[in-house]
Structures are given as structure tokens and as C-alpha cells.
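Hi everyone, thanks for coming. Today I'd like to walk you through some charged pairs, so let me put the structure up.

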Amino acid sequence: MTDQLTVHCVLMRGGTSKGLYFHAADLPAPGPARDAVLIRLMGSPDPLQIDGLGGSRPITSKLAIVAPSTRDDADVDYTFGQVEIDRAAVGYSGNCGNISAGVGPFAIDEGLVAAVEGTTPVRIHNTNTGAVMTAHVPVHEGKARVVGDFAVPGVPGTGAEIVMDWSGTVGAKTGALLPTGNPVDDILLESGSLVHATICDAGNPCAWIPAADLGVDGGELDFDDALLEVVREIRGKAAARLRLCTNWRHADDESPGLPMVGFVAPPGDYRTLAGTAAESGDMDLRVRLIFMNRLHESIAGTASVCLAAASRIRGSVVDAVTTRRRPDTVLIGHPSGVTPARVAVRTVPRPPHVAFDLLGFSRTARRLMDCTAYYPRPA
């Protein structure tokens, strides 16, 4: 077609996110030309992304670029991209746990990794952070299995369980589990109010705030604009402490995705987005995650990794609200239900005195479409 160019891609659901998965060889080299293609394919900037493949929400405006790995300790290299909706920009500052869950199945089905019947481990080098994670992908007759009995809150039905081990991602962005060296930091707001935060880096950097510090319960399904502006300030000041931006007011431009901010609270009953009951006895804590200045419909996979790690740091704000029902699992109550994260720790001499033998979660993934995507030829 003379007016349009094409590129091969796979549309996949990974966990509670959905995105476009590419072979790196099918795209331009990293840089402005590649970003322009990805932005145009997704249909940004437009709040509806009506002229592209995006779904008008941050969790459906994501992508994965995959290639054979250049490292001896990995099978594939994977770059995560967050295409902004209202702006013509692609963020590469961190990783996405849900999209990561689709990388192993994609690599197997595309022939980048040899399939092993039963379960195939796929070692994934995330180029955004430099960390390596391992996906344990169920396989049947040479392809990633889709059908199974594992349920992910926020995803209809059940699927084949993919176990993701993220223990190698601790400190991947900042170099330390606790980048500030403190289990709790005080953040002074412009209003004069003080909030407590545990700033933790595992999976992705996150700032965890007691819900009570901002006068919320932790079971809400929506936040007003005034509270989201406060969250924007908290996130900006946490980003500045991590040197992810030059000034907290510039965080949305210089580090739009990281750190994420979450409110944490003790277990409590609430109604999910689907209208079902989430009961306090089924969870260890409640969390409401703010991602790209919006309330996340569930919890990002990397945020669940970070939350699980923070729950085992003595004196953290997450530790203070967490009920430990199982020694190696954290049951996270979020707007769509309750999701488990896995965490196995041991005591070490150096602060914060924890090391992780297992840190991760389980997800499902499904290939939705193998396609040729079209985008208008640049003027």
C-alpha cells in the first residue's frame, strides 16, 4: 500500500495488561525513528487512541520488543515500552511485570527459545533495568500452554500458570533495595503536611504510603482530582530523592512512570470493581496503586514484587500493615480482588537484613492475534 507501511507484531495479554509484542529485527534501531513508529501504531497522542491499536488506558498502551540475548545468562533480551496516551512519547524507564509474563510464551511460540515439554524456563534479560528474571512457562506439544486452572483477579476465567521469579531484580534501577537507606522516609508536602513513605526498589521502584496519612481507607475504587494532585507531588518528591528527575515538579516529563506510588492499609472488606466481595480474611493487606497518575485497576506485577519485598523489611510502612498468613506468600487486596505474590527471605548481616531466595508472582498470558500492523507513511 503506497500510503501505509507495515510491521509484523503479536497482540498479547500478559497478566492484567495488554500490549504489542515485536521482534527487534522488525523495527528500526532504538531512537526517534523507532519511537515514532510505535507511537503511531498505538494511536497516540489521543485520549481514545482511536486511530491506533492502543486501548486508551495505560494498561493497554504497552509494548515488548524481544530478541535473542547478547548475554550468557539469558535466553532473550526484552525491552519494555510504555506509550503515553495524551503525549507523543514512549517511556523506557522501567519494566512491566504483566507484560513480562507474555515474553516467555512469545519467545517459545516464535522459536526464539526451544520448547521443553512440560515446563520451559525462559531467562529474560530486561534491557530497561539490566536485570534477569526467569519465567517458568507451561508447554504442550511445542507451544506455550494457554488453558489451565489458574485465576488472575482482573482477568476473566482461568489460564495456564506462568511462575515469574524476580529475585534478580532487587535494586535494578537504583542499586539498592532501600535506595535512601531508610525503611521509612518523611516527605514534607507543600501544604505543610507530612507523609511517611517506604521507598523500595525491587521489580520497579515504588513509594508506599500509609493510606491513613492521606485520610483514605485503602478500600476505595476511585480518587478525586485533589488527591491525585497530592499523589503527583509525593511521586515527584520521591523521584527527586532517587535522582530520577532534576526537580520534583518535572517528574511527569523526566520520569513519567517511576517511581509508582501505592497506598497501603491493613486487611479490610470492600467491593471489587466487578462488584464482588473481597473479604479481610482472604488478604494480608490492601493496596491502591497509582500508575501514570491514575488508579490502577489491579496491581502492576512489578509493584506486587516491590510490595512483597517491602513487607519483609522490618519497620517499613508495608510491614506495619501486613498480616502474615503464610510465610512465603503475600496476599494483596487490590481493586479487582486478591492476588498472591511469592517471597522467601533469609536474614543477612547488612541492613536492611533481608535477602530473597524467591521473589515473584504467577500470571497467565494469551496470544490474541498474530498480525501485520499498518501505519501511515511519514510525510
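Before we start, one cut-off to keep in mind: a residue is called exposed when its relative accessible area is over 50%, buried when it is under 20%, and partly exposed in between. Please also remember that this is a predicted model.

With that cut-off, Glu-190 counts as exposed, because its relative accessible area is 52%. Its partner is Arg-249, and the two side chains form a salt bridge at 3.8 Å, N to O. This pair links distant parts of the chain, 59 residues apart: Glu-190 is in the loop between strand 10 and strand 11, and Arg-249 is in the loop between helix 4 and helix 5. Arg-249 is exposed too, at 54%.

Now, which residue forms a salt bridge with Asp-253? That's Arg-87, with the closest N and O atoms 2.8 Å apart. Asp-253 lies in helix 5 and Arg-87 in the loop between strand 4 and strand 5, so this pair ties together parts that are 166 residues apart in sequence. Asp-253 is exposed at 55% relative accessibility, while Arg-87 is partly exposed at 32%.

My last pair is Arg-346 and Asp-357, whose closest N and O atoms are 2.7 Å apart in a salt bridge. Arg-346 sits in strand 19 and Asp-357 in strand 20, 11 residues apart. Both are partly exposed: Arg-346 has a relative accessible area of 43%, and Asp-357 has 45%.

For the whole model, the count comes to 20 salt bridges.

Technical notes: Residues are numbered from 1 along each chain as its sequence is written. This is a predicted model: local features need pLDDT of at least 70, side-chain atom pairs count only at pLDDT 80 or more; totals for chains, interfaces and linings use all residues. Side-chain values use heavy atoms; hydrogens and water are left out. A salt bridge is a side-chain nitrogen of Lys or Arg within 4 Å of a carboxyl oxygen of Asp or Glu. Helices (H or I, at least four residues) and strands (E, at least two) are DSSP runs, numbered from the N terminus. Buried means under 20% relative accessible area, exposed over 50%, partly exposed in between (1.4 Å probe, protein chains only).
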